[in-house]
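Here is a friendly note to read alongside the model. Take the points in order and find each place in the 3D view as you go.

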Amino acid sequence: MTIEIHSRESIERLIERGFPDRTAVISFYDPQTGHHEESLPVDYTDLTDRLFQIELENLCIDQLESHGLTYEEYFIEAEDLAEFVFAAIRDGYDIICQCEDGNARSAGCAAALHEFFTADGVFIFADYRYHPSQMVFHKVYNALWLSGKK
């Protein structure tokens with residue numbers, strides 16, 4: 001199993017070159033709230049039969065309250081994401097984690113997957129190209145751990 005991190009720009013280049021077979025996609029996109037430049041989710045139609053798209057703002061824990069959220073309310077889909085990941089791995093799929101810039105939400109998700117499955121997620125935190133979302137990392141890692149215990 002390989003886990004890749006992509007931005008919108010790099011995934012669009014990959015789609016142009018030819019999307020790889022047996023690849024599951026976890027795609028984070030910005031909420032359509034009007035607070036910032038809005039972007040629509042990447043269109044993965046006819047590219048993969050394993051897609052988990054999630055509208056999720058990139059927030060730090062100290063920003064939750066100003067957005068009317070608690071830690072428990074942020075990224076409540078993490079448990080569903082964990083089940084998606086386990087199924088993809090069981091069925092022999094590689095995984096792409098993608099977000100707008102390819103350095104926060106997707107990097108945090110990829111770091112959690114690496115840490116859970118191979119105990120080497122720290123290399124993503126140590127790579128200067130990425131600024132992994134700690135909130136996404138913790139939510140995904142905890143959901144994987146809880147789902148793996150079932």
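1. Let us begin with a term for surface and interior: a residue is buried under 20% relative accessible area, exposed over 50%, and partly exposed in between, with a 1.4 Å probe and protein chains only. By that rule His 131 counts as exposed, because its relative accessibility is 54%.

2. A word on the source. This is a predicted model, in which local features need pLDDT of at least 70 and side-chain atom pairs count only at pLDDT 80 or more, while totals for chains, interfaces and linings use all residues. Residues are numbered from 1 along each chain as its sequence is written, and side-chain values use heavy atoms, with hydrogens and water left out.

3. Now the overall plan. The chain holds five helices and four strands; here helices (H or I, at least four residues) and strands (E, at least two) are DSSP runs, numbered from the N terminus. Read from the N terminus, the elements follow the order β-α-β-β-α-β-α-α-α.

4. How does the chain fill space? Its C-alpha atoms occupy a box of roughly 40 × 40 × 30 Å along the principal axes. A compact globule of 150 residues would have a radius of gyration near 15 Å, and the chain agrees, with 15 Å. That radius is taken over C-alpha atoms, and the globule rule is 2.2 Å times the number of residues to the power 0.38. Of the 150 residues, 47% count as buried.

5. Next, contacts, meaning heavy atoms within 4.5 Å. Take the contacts between residues at least 6 apart in sequence: 76% of them join residues at least 24 apart.

6. Please look at helix 3 (residues 105-118). How many of the 14 residues of helix 3 are buried? The count is 10, so helix 3 is largely enclosed by the rest of the structure. The buried ones are Arg 105, Ser 106, Ala 107, Gly 108, Cys 109, Ala 110, Ala 111, Ala 112, Leu 113 and His 114. They pack against strand 1 (3-6), strand 2, helix 2, strand 4 (94-98), helix 4 and helix 5. From first C-alpha to last, helix 3 reaches 20 Å, close to the 20 Å expected at 1.5 Å a residue; the expected span is 1.5 Å times one less than the number of residues.

7. Ser 106 counts as buried because its relative accessibility is 0%. Leaving aside neighbours within four places in sequence, Ser 106 is in contact with Ile 5, His 6, Phe 28, Cys 97, Gln 98 and Cys 99.

8. Helix 5 (residues 134-148) packs with helix 3 at an angle of about 35°, and the two axes are 8 Å apart. Axes are lines fitted to C-alpha atoms, for helices over the stretch in contact, and angles run from 0 to 180 degrees between N-to-C directions. On the helix 3 side, the residues that meet helix 5 include Gly 108, Ala 112 and Phe 116; among those on the helix 5 side are Phe 137, Val 140 and Leu 144. The residues of this contact divide into 12 nonpolar, one polar and two charged. Here Ala, Val, Leu, Ile, Met, Phe, Trp, Tyr, Cys and Pro count as nonpolar, Asp, Glu, Lys and Arg as charged, and the others, Gly among them, as polar.

9. The residues of the contact of helix 2 with helix 5 divide into eight nonpolar, two polar and three charged. Buried residues of helix 5 include Met 135, Val 136 and Ala 143, and its buried residues pack against strand 2 (23-29), helix 2 (78-90), helix 3 and helix 4 (122-126).

10. Finally, some loops. Phi of Arg 22 is near 50°, a positive value in a residue other than glycine, and Arg 22 is found in the loop between helix 1 (8-17) and strand 2. Just after helix 3, Ala 119 takes a positive phi of about 55°; Ala 119 is exposed, with a relative accessible area of 59%. His 131, in the loop between helix 4 and helix 5, touches Asn 103 and Ala 104, not counting residues up to four places away in sequence.
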